[in-house]
Amino acid sequence: MKPYQKDWSDRARDVANGLFLSGYVLLMGDIGLFGAAFYLLGEIFLMPHSIKCRSWSTVAASCIFGIASIYKIIKILFL
């Protein structure tokens, strides 16, 4: 059996996992701006892998949480 070869979307998913973990730690540490920014970057890095795997529910969830992260960033910076 041929071993699985990772491509760029798999590596982007790995980066996204690290960004989600960092964002969670920052949000729990009450550093909301950077936590929301890391979450948003995580959603952006997760999207290519989700589209490649045709996981449309993950794409939809990423859009929802991405919008929530953008709202949090705008709220912190401007409101």
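Is G23 buried or exposed? G23 is buried, with a relative accessible area of 0%, where buried means under 20% relative accessible area, exposed means over 50%, and partly exposed lies in between, using a 1.4 Å probe and protein chains only.

This is a predicted model, in which local features need pLDDT of at least 70 and side-chain atom pairs count only at pLDDT 80 or more, while totals for chains, interfaces and linings use all residues. Residues are numbered from 1 along each chain as its sequence is written, and side-chain values use heavy atoms, with hydrogens and water left out.

G23 belongs to helix α1, which covers residues 8-28; helices here are DSSP runs (H or I, at least four residues) numbered from the N terminus. Leaving aside neighbours within four places in sequence, G23 is in contact with G35, F38 and Y39, contact meaning heavy atoms within 4.5 Å. Between G23 and A68 there are 45 residues of separation in sequence and 13 Å in space, taken from C-alpha to C-alpha.

S50 has its place in helix α2, and S69 is found in helix α3, residues 56-78.

**Helix α3 and what covers it**

S69 is one of the buried residues of α3, which are V59, S62, G66, S69 and I73. What covers these buried residues includes α2, residues 32-52. As for its length, α3 has 23 residues, which at 1.5 Å a residue should span 33 Å, and its end C-alpha atoms are 33 Å apart, in agreement with that figure; the expected span is 1.5 Å times one less than the number of residues.

**How α1 meets α2**

The axes of α1 and α2 come within 7 Å and cross at roughly 155 degrees, with axes taken as lines fitted to C-alpha atoms, for helices over the stretch in contact, and angles running from 0 to 180 degrees between N-to-C directions. That angle makes α1 roughly antiparallel to α2, because angles over 145 degrees count as roughly antiparallel. By class, the contact of α1 with α2 has 17 nonpolar, seven polar and four charged residues, where Ala, Val, Leu, Ile, Met, Phe, Trp, Tyr, Cys and Pro count as nonpolar, Asp, Glu, Lys and Arg as charged, and the others, Gly among them, as polar.

How values were computed
Helices (H or I, at least four residues) and strands (E, at least two) are DSSP runs, numbered from the N terminus. Angles under 35 degrees count as roughly parallel, over 145 as roughly antiparallel, 65 to 115 as roughly perpendicular and the rest as oblique.
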